[in-house]
Amino acid sequence: MKKVLATLLVVALACSMVFAGGKKESAASAKKTITVGYAQVGAESDWRLANTESFKTTFVAENGYELIFVDAQQKQENQIKAMRNFIQQDVDYIVVAPVVETGWETVLTEAKNAGIPVILSDRMMTVSDPDLYLCWVGGNFVKEGRDGVKWLEGYLAEKGRANDQINIVDLQGTIGSSAQIGRTQGLEEGVAAHANWNMVAQQSGDFTQDGGQKVMEAILKSVGADNIDVVYAENDNMAWGAIDAIRAAGKVPGKDIIIICFDAVHESFNRMIAGEINCAVECNPLHGPRVAEIIQDLENGVKPEKIMYVVEEVFDEKNAAERLPTRAY
């Protein structure tokens, strides 16, 4: 009998050890993995690629995340489809860089009804109820445009051209996007404030290098290369395309025609050093870590501010060589 009792005791102890071990494993495995669905605009520019990489290197398993990434190929319908798929998959958070500002009410309402917070990155949405999305992280696009105008004012004064007639070409980004709206507004304010500044052409190159080149080629033919003093390209890639078109027209970019662009990725620094671009206004693409901070705050019960701007600077031919080694993108 003692042997039976002893055997039963051993079995009971073994079971309790297995149970305890199982509880320990369950506790470890119960540590929550946060699932984030990200509906990216596309891969239209070097800035966008850096922005995507920022998210992909931040929302990784080692940091406690699972990232479901969708490239919408610059189509709003693809982003809306992706967001609905995220809702069906019951992700914890949705991040979206909207192609355009309008047309999001329905899918945002669906996300809200599902209890999934939506964080906007880079571009803004215009909605009737601001509570349909949690918060927004990105650049101050109107300020970026105004910074580009302020730089141009100083540059023209420095060159003794402050009172000259200045003919400006605006290569716009994707029409209706936050970056396009803000940067266009900044330039239009500048033109309105200077009686000697003339907007001789304004057309979208859709934020792509090929688009910038094609639009610039058409403008050079219609306006004439001798009648253009400034190209204000609303992103880097369009500026690079415009540079190719200007060279093909027999003009020297950065000298015969002043080039101002936005984003300030590595290649634009190289081109400022080479004298092809005069000014690059920064649009910081490294949103991943900032969005992760917001999510961690939410997990800890801290509500974020509605609007959060990233830090951005202005660079030109004078400081490009010095600052390039410090740049992360």
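Neighbours within four places in sequence aside, T184 is in contact (heavy atoms within 4.5 Å) with D170, Q172, Q202 and E234. The model is predicted: local features need pLDDT of at least 70, side-chain atom pairs count only at pLDDT 80 or more, and totals for chains, interfaces and linings use all residues. Residues are numbered from 1 along each chain as its sequence is written, and side-chain values use heavy atoms, with hydrogens and water left out.

**Exercise 1.** Place T184 in the secondary structure and classify its accessibility.

Solution. 
- Step 1: helices (H or I, at least four residues) and strands (E, at least two) are DSSP runs, numbered from the N terminus. T184 is found in helix α6, residues 178–193.
- Step 2: buried means under 20% relative accessible area, exposed over 50%, and partly exposed in between, with a 1.4 Å probe and protein chains only. T184 has 5% relative accessibility, so T184 counts as buried.

**Exercise 2.** State how many salt bridges the structure holds, then describe the one between E299 and K32.

Solution. 
- Step 1: a salt bridge is a side-chain nitrogen of Lys or Arg within 4 Å of a carboxyl oxygen of Asp or Glu. The structure holds 23 of them.
- Step 2: the side chains of E299 and K32 meet at 3.7 Å, N to O.
- Step 3: this pair links distant parts of the chain, 267 residues apart. E299 is in helix α10 (288–299), and K32 is in the loop between α1 (2–29) and β1 (34–40).
- Step 4: E299 is partly exposed at 34% relative accessibility, and K32 is partly exposed at 46%.

**Exercise 3.** Do the corresponding analysis for E276 and R247, then name the residues of the salt-bridge network.

Solution. 
- Step 1: E276 and R247 form a salt bridge of 2.8 Å, N to O.
- Step 2: E276 lies in the loop between α9 (266–273) and β10 (279–282) and R247 in helix α8, so parts 29 residues apart in sequence are tied together.
- Step 3: E276 is buried at 14%, and R247 is partly exposed at 42%.
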